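This briefing goes through charged side-chain pairs and one further residue. Please look at the sequence and the structure before reading on.

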Amino acid sequence: PRCDVPDHDEGTREVVDCDCLANEDCSCDVHCRPGTFLISGMEGERRCTTKDGIPVWSKPLPICVPFCSPPLDQMKALDISECKKPCTAMKNEHDEAARQTC
């Protein structure tokens, strides 16, 4: 049996060489794309194993969200005093399409 190839989760994850058979050598690597931030799960290599005869990945997949950089002050025309740190974009729970908002 094969593990399902992890999806790219709306373009937030890099998925490399993850077409794996259970309990075989495979170098599946899943990590957050540049411009995103890890909020749960684990980045890195993982193995395809079996649990109760069902193929599963050895570690939880990373959940990654984009982050928004602080805006420029447009030559001091904008007050950005409350925007000193990057913020993470969270999925809007009330939107069926789960659009990302910041």
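The points below cover salt bridges and then one threonine.

This is a predicted model, in which local features need pLDDT of at least 70 and side-chain atom pairs count only at pLDDT 80 or more, while totals for chains, interfaces and linings use all residues. Residues are numbered from 1 along each chain as its sequence is written, and side-chain values use heavy atoms, leaving out hydrogens and water.

**Salt bridges**

- The structure holds four salt bridges (a side-chain nitrogen of Lys or Arg within 4 Å of a carboxyl oxygen of Asp or Glu).
- Glu 14 pairs with Arg 33, with the closest N and O atoms 2.9 Å apart. Glu 14 lies in strand 1 and Arg 33 in the loop between strand 2 and strand 3, so this pair ties together parts 19 residues apart in sequence (strands are DSSP runs of E, at least two residues, numbered from the N terminus).
- Arg 47 and Asp 25 form another salt bridge, at 3.7 Å from N to O.

**Accessibility of the paired residues**

- Glu 14 is partly exposed at 24% relative accessibility, and Arg 33 is partly exposed at 35% (buried is under 20% relative accessible area, exposed over 50%, partly exposed in between, with a 1.4 Å probe and protein chains only).
- Arg 47 is partly exposed at 36%, whereas Asp 25 is exposed at 75%.

**Thr 36**

- Thr 36 is in strand 3, residues 36-40, and counts as buried because its relative accessibility is 16%.
- The side chain of Thr 36 reaches the backbone oxygen of Arg 33 at 2.5 Å.

Note on methods. Helix = DSSP H or I, 4+ residues; strand = E, 2+ residues; numbered from the N terminus. Polar contact = N/O pair within 3.5 Å; in protein donor to acceptor, adjacent residues only side chain to side chain.
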